[in-house]
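Me: I have a structure open here and would like to talk it through with you. Could you take my questions one at a time?

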Amino acid sequence: MELNGKIPPGPLAEKWDKHRFNLKLINPANKRKHEIIVVGTGLAGAAAAASLAELGYGVHSFCFQDSPRRAHSIAAQGGINAAKNYQNDGDSVERLFYDTIKGGDFRAREANVYRLAQISTSIIDQCVAQGVPFAREYGGSLANRSFGGSQVSRTFYARGQTGQQLLLGAYQALSRQIGIGKVKMYPRTEMLDLVLVDGHAKGIVVRDLVTGKISSYAADAVVLATGGYSNAYYLSTNAVGCNVTAIHRAYKKGAYFANPCYTQIHPTCIPVSGDYQSKLTLMSESLRNDGRIWVPLKKGDKRAPADIPESERDYYLERKYPSYGNLAPRDIASRAAKEVCDEGRGVGELGLGVYLDFADAIKRVGAKVIDERYDNLFAMYERITGEDPFRSPMRIYPALHYTMGGLWVDYNLMSNIPGLYVIGEANFSDHGANRLGASALMQGLADGYFILPYTIGDYLAVSGKVKVKADHAEFKKSEEDVSRRTQLFLSIKGKRTADSFHKELGLLLWENCGMARTDEGLKRALAKIPVIRDEFWKNLNVPGEGQEMNKSLERAGRVADFLEFAELLCLDALERKESCGGHFRQEFQTSEGEAKRDDANFCHVAAWEFKGVGKEPVRHQEPLVFENVHLGERNYK
Amino acid sequence: MNLKLRVWRQKDASKAGKIEEYEAKNINPHMSFLEMLDVVNEGLAQNGVEPIAFDSDCREGICGMCSLVINGIPHGPDRGTATCQLHMRKFKDGDTITIEPWRAKAFPVVKDLVTDRSAFDRIIQAGGFVSVNTGCAPEANAIPIGKHLADPAMDAAACIGCGACVAACKNASAMLFVAAKVSHLALLPQGQVEKAARVQKMVAAMDREQFGNCTNQFECEAACPKEISVSFISKMNQEYLKAFKGDIL
């Protein structure tokens, strides 16, 4: 089946404006009669919940953390892009649009990306008005820095804590609505199922993580803003609680899952130090503004970095990509790091690392300026590794960081299930096969503040009149399913914890569906995943009970979903017989080792339809039509 | 290294808790403190003992979810560091480590080391924001803000809402937390319109939640993983006095 993205007709620059005019409106008095469920309180979820409540809707907001302020958007460090052209360096909506489409290796919708670039400027205005303390110049105007995949400075930042400050802005807007009773907040509450009534999304089933109580909530529409699935790989830069459960449950209820194989591996993370490791820590890409990346020229050179003279160092990004240098896009920088390490030139105990060196920048502007610019990042590095990056270069290595794939949505951000909207990282989004740095915050806030609040009205105006209550038979059925599954986890009484299965799955995915993928490796993973899953259901050990706070039980539920979802991830990677962005298939590369797309056969979105656990899902296609940009080979040389 | 742990175990808010002892064996000094607890928990689960419940999420010191009192100090011995960023190299082989939850009337224990910090959310809901609806913002550069204001506002805004300040205070006062938000917004031009009402409402909410008062011991600053300065408490007190002079509430 060919999917329809409902892209509005007309010239690119006018699509969003015209579309907004054509969307149906609900008058202010009637908005009060509609209830909306928003799951997740990151940038997209908190922004949406606050904006919808401001419009007058009744909002129910859910998060699994103890407070909406903890969502993982908070950990974004570097910044947020916007086409303000404050630096007078030739930026424009057109250029941000083009950089994003090209950065995504021409695998995103033109119309969505153009809209994102248009909205980007309003986001900065909104955040400044909320009191987000962005970095400033001495004259009081907003400061910018550069990020990968772009030759202009359009990234706004708040030290190394941009995500935190933007999220607190959204959290405060949300808190204001909670305070006046327009939003009902449910913290420590995890969504475990989506409920459909007559084919429309009408609510969710949740577990109260303090009491263990399973209950239902009904509404006129459901919005999922539950983030990405990097934690399928166990080790990633995501928070330990990040999971695929909400979108996987929706997938099992019929929502299509688009491009799961588009995963982003971030080039600058602190390398793994041992098998006890619970997560990896990112060092912001913004560090590549001042840091130079290098490895020794010779294999197995174990000298201290300071003892290696300039002539025996290989600044490989500057060498291979002279015009972008250390600011090459993430997928390219990650693969280049893997290549030099595979050649035996990696640094650190395990040989899985490259240097990110600030010596030149410190010489140029002084340690004080560098300290001000990156502040907490240098301290964080020292805390984790015990090494001072002012004295010796950082060691970095790529790690799973972000997932471009997600639930399929149309131009209105509605999935193929009527009434189910998906925003932020949870949808398959605007980033194509690779997201540029500082664009996740932009997309999350664009979806939450400026897109969903308009488009959801179009659905509610027509379909929001059918009211369903949480005592409907479909809710009861879902509650029973969830309760049965919870009991099952507790009753297996095997020998292995959910974490041990998760680690096993993560390693399998990293090795076979990571930075470089092959037909053979993916088939190996696809054969092995069901074996791990079978053992999970036979040999799982979940201590404690269901009617209480039980962190082992929470983990078990999330790992069970990763174990199903991982198959879809590998299958999508296997079926996409081309390389593009973060999806690199060894078989498909140029003579210079760059990703080689196959536009004739794969210039489309792949959206998967669930057919049962262990059964082959159906692959649907949405063709990508490019009317405004030429599909070139990505060239950062 | 091998360690002895003394850990607070409590079934739920209604039951009494007590300290239990556990061994932590073969701990790698590069582990984070929470990874050490993960390893201990894995061992407990294998021996049929319920793992120790504790909160954590980002594990990079920014979400504010982790919250342990380690040897009597919230977030442990390393200054300016949240528990999740504390590494075992700060301890010695053979050490005994006592781990307890935040202790404050306003933060009841949920289970073991997990506490309920929703009181902080209610303080923010009372007024910790600028009332600006989505869509009605002026052009961003229309509000120039000098570095002399932007920098201290950012220093205050860096608060992660973990509650260590409360846990460290003998009065269980939330003054540093409230002062950080009051100061962040009072320093910026965007926060001026509501600044008097904001400080009054937030302080009233703080009192309602039964946090104690400040007696200038500055334990809060010493425990704060973001090293937020107590000078913001003076700033808040100033704003509070000015607010009543203006008689706005």
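Me: Which domains does the domain assignment of chain B give?

Reply: The assignment gives domain 1 (3-111) and domain 2 (118-246), the bounds coming from an automatic or database domain assignment. Please keep in mind that this is a predicted model, where local features need pLDDT of at least 70 and side-chain atom pairs count only at pLDDT 80 or more, while totals for chains, interfaces and linings use all residues. Residues are numbered from 1 along each chain as its sequence is written, chains are lettered from A and ligands numbered from 1 in the order in which they are written, and side-chain values use heavy atoms, with hydrogens and water left out.

Me: How far apart are the C-alpha centres of those two, and how many residues are in contact?

Reply: The C-alpha centres of domain 1 and domain 2 of chain B lie 29 Å apart, and 17 residues of domain 1 are in contact with 20 residues of domain 2, contact meaning heavy atoms within 4.5 Å. The area buried between these two domains is about 1400 Å², with carbon and sulfur atoms giving 62% of it; buried area here is the accessible area (1.4 Å probe) that two parts lose on being put together, summed over both.

Me: How many salt bridges are there between domain 1 and domain 2 of chain B?

Reply: The count is 0 salt bridges between domain 1 and domain 2 of chain B, where a salt bridge is a side-chain nitrogen of Lys or Arg within 4 Å of a carboxyl oxygen of Asp or Glu.

Me: Switching topic, what area is buried between chain B and chain A?

Reply: About 6100 Å² is buried between the two chains, of which carbon and sulfur atoms give 50%, and 74 residues of chain B are in contact with 76 residues of chain A.

Me: And how many salt bridges does the rule find across that interface of chain B and chain A?

Reply: The rule finds 9 across the interface. One pair is B:Glu60 with A:Lys279, whose closest N and O atoms are 2.5 Å apart. Another salt bridge joins the side chains of A:Lys84 and B:Glu139 at 2.9 Å, N to O, and this pair crosses between chains, running from a loop of chain A to the loop between H2 and H3 of chain B.

Me: Is A:Lys84 buried or exposed?

Reply: A:Lys84 counts as buried because its relative accessibility is 13%, whereas B:Glu139 counts as partly exposed at 36%. The classes are buried under 20% relative accessible area, exposed over 50% and partly exposed in between (1.4 Å probe, protein chains only).

Me: What does A:Gln172 touch?

Reply: Leaving out residues up to four places away in sequence, A:Gln172 touches A:Gln130, B:Ile124, B:Gly128, B:Phe129, B:Lys181 and B:Leu185. Its side chain reaches the backbone oxygen of B:Gly128 at 3.5 Å, and A:Gln172 counts as buried, with 3% relative accessibility.

Me: Last one: which residue forms a salt bridge with B:Lys242?

Reply: B:Glu239 does, with the closest N and O atoms 3.6 Å apart. Both residues lie in helix H8 (residues 231-246) of chain B, 3 residues apart, which is about one turn of the helix; helices (H or I, at least four residues) and strands (E, at least two) are DSSP runs, numbered from the N terminus. B:Lys242 is partly exposed at a relative accessible area of 45%, while B:Glu239 is buried at 2%.

Technical notes. Polar contact = N/O pair within 3.5 Å; in protein donor to acceptor, adjacent residues only side chain to side chain.
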